[in-house]
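Subject: Structure for you, with notes on helix packing and salt bridges

Hello,

Here is the structure to go with your sequence. My notes follow below it.

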Amino acid sequence: MLYLISLGNYLLFHTVVELFSVYVAYVIFLIVWKSRSRLENGYLIFIGVAFFFIGSIDFLHTFTFRGMELFPGSGINLTVQLWIAARYLESITFLLAPLFLIKRKEDVNPDVEKRYIISPDSSAFAWNVFLVYAAITILCLLSIFFFRNFPAAYIEGSGITTFKILSEYIISFILFCSLIALYVKRDHFESKVFNLLAASIALAALGDLSFALYSHIGEFPNITGHFLKLLSFYFIYQAVVGIGFEEPCSLLFRELKHREEEFRQKAIFLGDEYHLICRMIGANRTSEPQNKSSDKERVQENYHPFSDHFPGVWFQLDENFMPVSIEGPVEEVSGYGRTKSFLEK
């Protein structure tokens, strides 16, 4: 197999790709973490917290390269093991993240406004995800560095193991499944955000397929895999960081924007209903004139329009709860005429 670049250039290229990935992971985490108390999109919270630990494992992976000497005598096996651990964590994160998206449900009456299912406190949810991923990451690192029971990914003299090759296929399959899950939940994202996230996941899946095909570093599948990973992290960087800064309502606070719009529509609806009721009963919502009329004239002015629209019988009482007037179909309902004698009774 023809090597595309020398070992020195490959290590430089590999280092640049990994450091950019670590940078993207930490920036995503910082943005999501600082906004966690106002975020209602569980997908972003889950992804943002998980990327802190994915980036941390990638950071350790970078310092195991030949010449770094951070872990002397570790060999290529440690480098590949950390790579596999980070990719498993990344793929499973993308697969589980759509489960935490806020769902909507319709009321029994389809004309009634849509309501949100009450979501757990975002800050508490972020801390729970952080603690779970911290525990998983610590267990993985202990398995690799101390217990040394993590499956071997590279054997000196033999090359890449079957575990590493199968893992790349499994990771790619998980990523493709997560792409389908994201597509099912696509209505929770703006179209450009969804397209960027989908492109990132698809490139990550193709990149892992490329890594399953090479046998030595510097070969075409290996270089292609790193390019695809670079593009994958660039797209997710654009989705979260680029759009998050330029159009935060399109990503970080999309659910809050929709809820505000629903409240505004509800306020308009209630305002229209209020005006309609006022017109029906003839209520006067204007300020009271300076020259007040007599009590009897004011009563007639305020209640006469109401009596014209109200279908039943209604009474007017004075301050002693004595009947003053009666309106409506009195004779049909009570059998009495509308007379003073009746009011006196």
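Which kind of contact do the side chains of Lys 229 and Asp 58 meet in? They meet in a salt bridge, with 3.5 Å from N to O. A salt bridge here is a side-chain nitrogen of Lys or Arg within 4 Å of a carboxyl oxygen of Asp or Glu. Lys 229 lies in helix H7 (residues 220–246) and Asp 58 in helix H2 (residues 42–62), so this pair ties together parts that are 171 residues apart in sequence.

Before the rest, some background. This is a predicted model, in which local features need pLDDT of at least 70 and side-chain atom pairs count only at pLDDT 80 or more, while totals for chains, interfaces and linings use all residues. Residues are numbered from 1 along each chain as its sequence is written, and side-chain values use heavy atoms, with hydrogens and water left out. Helices are DSSP runs (H or I, at least four residues), numbered from the N terminus.

Salt bridges

By the rule above, the count is five salt bridges. Lys 229 also forms one with Glu 18, at 2.9 Å from N to O. That pair links distant parts of the chain, since Glu 18 sits in helix H1 (residues 7–34) and Lys 229 in H7, 211 residues apart. Another salt bridge joins the side chains of Glu 90 and Arg 87 (2.9 Å, N to O). Both of these residues lie in helix H3, three residues apart, or about one turn of the helix. Glu 18, Asp 58, Arg 87, Glu 90 and Lys 229 are linked in a network of salt bridges.

Burial (buried is under 20% relative accessible area, exposed over 50%, partly exposed in between; 1.4 Å probe, protein chains only)

- Lys 229 counts as buried because its relative accessibility is 6%.
- Asp 58 is at 0% and therefore counts as buried.
- Glu 90, at 5%, counts as buried.
- Arg 87, at 2%, counts as buried.
- Glu 18 is buried.

Packing of H3 and H6

The axes of H3 (residues 75–96) and H6 (residues 191–211) come within 12 Å and cross at roughly 145 degrees. Axes are lines fitted to C-alpha atoms, for helices over the stretch in contact, with angles from 0 to 180 degrees between N-to-C directions. In H3, Trp 83, Arg 87, Glu 90 and Phe 94 meet Ile 201, Ala 204, Asp 208 and Phe 211 in H6, where contact means heavy atoms within 4.5 Å.

Regards

Note on methods. Helices (H or I, at least four residues) and strands (E, at least two) are DSSP runs, numbered from the N terminus.
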